[in-house]
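Me: I would like to learn how to read a fold from its model. Can you take me through one, feature by feature?

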Amino acid sequence: MTAAKARLHLIHGASYTEREAAIAASLALLSGNGTGNNAVTDKNIVILEGLPDGQDILYPTDLLHISRIAPGCFCCIGNLSLRVTLNRALRQKPANIYLGIANDAHLDKLLLTLQDPTYTNLLEINTHTSL
């Protein structure tokens, strides 16, 4: 039996706060969307690139793990911080992973990384939102 893939939601652009707010809104909708996906009982992971520019919107819970990665283009620094954080997140077998990135200048390279054979059996790119 194959394990369920984590649904990856990619959010990019705008400010850190706007990306975090968009993720919070999406998480709030998960529990009532009728797809069997229930944010109340499923593990969800949020990976945010950059530093908060105000009050945090999301806070970790038993079912919501939040990782904040220092700002910088993932592909230009070899994807190391992203890969380490993503691999740790996948070990938790989440239903959803939200990846908020600041700059979409190298989005195509990031998507290639996420479509690498290492991740194709573990991730399904579900949504791709530009703010």
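**Reading the fold**

Reply: The protein has four helices and five strands. Helices (H or I, at least four residues) and strands (E, at least two) are DSSP runs, numbered from the N terminus. The model is predicted, so local features need pLDDT of at least 70 and side-chain atom pairs pLDDT 80 or more, while totals for chains, interfaces and linings use all residues. Residues are numbered from 1 along each chain as its sequence is written, and side-chain values use heavy atoms, with hydrogens and water left out.

Me: In what order do the elements of the protein run from the N terminus?

Reply: The order is β-α-β-β-α-β-α-α-β.

Me: What average pLDDT does the protein have?

Reply: Start with the scale: pLDDT is the predictor's confidence in each residue, from 0 to 100. Where pLDDT is low, the predicted coordinates should not be read in detail. Here the average is 86, and 88% of the residues score at least 70. Among the elements, strand 1 has the highest mean (95) and helix 3 the lowest (87).

Me: How do I read burial along a helix?

Reply: Look at which way the residues point. An α-helix has 3.6 residues a turn, so residues three or four places apart point the same way. Now take helix 3, residues 107-114: Leu107, Leu110, Leu111, Thr113 and Leu114 are buried. They cover an arc of only 155° around the axis, which puts them on the same side of helix 3. That arc is taken from the directions from the helix axis to the C-beta atoms. Asp108 and Leu112, on the other side, are exposed. Buried means under 20% relative accessible area, exposed over 50%, and partly exposed in between (1.4 Å probe, protein chains only).

Me: What covers the buried residues of helix 3?

Reply: The cover includes strand 1 (6-12), helix 2 (80-91), strand 4 (96-101), helix 4 (117-120) and strand 5 (123-130). Leu110 touches Leu10, Phe74, Leu82, Leu99 and Ile101, leaving aside residues up to four places away in sequence. A contact needs heavy atoms within 4.5 Å.

Me: Which residues touch the most other members of the largest nonpolar core?

Reply: A nonpolar core is a set of buried Ala, Val, Leu, Ile, Met, Phe, Trp, Tyr and Cys residues joined through side-chain atoms within 4.5 Å. The largest has 20 residues, and Ile47, Leu86, Ile97, Leu99, Leu110 and Leu123 touch the most other members. Strand 1, strand 2, helix 2, strand 4 and helix 3 each supply at least two residues of this core. A second, separate core has 12 residues, including Ile11, Ile23, Ala24 and Ile66.

Me: How many salt bridges does the structure hold?

Reply: The rule is a side-chain nitrogen of Lys or Arg within 4 Å of a carboxyl oxygen of Asp or Glu. The structure holds two. In one, Glu20 pairs with Arg68, the closest N and O atoms being 3.6 Å apart. That pair links distant parts of the chain, with Glu20 in helix 1 (residues 16-30) and Arg68 in strand 3 (residues 64-69), 48 residues apart. Asp56 also meets Arg68 in a salt bridge, at 3.6 Å from N to O. Asp56 lies in the loop between strand 2 (44-49) and strand 3, so this pair ties together parts 12 residues apart in sequence.

Me: Is Glu20 buried or exposed?

Reply: Glu20 is buried, at 1% relative accessibility. Arg68 is partly exposed at 31%, and Asp56 is partly exposed at 25%.
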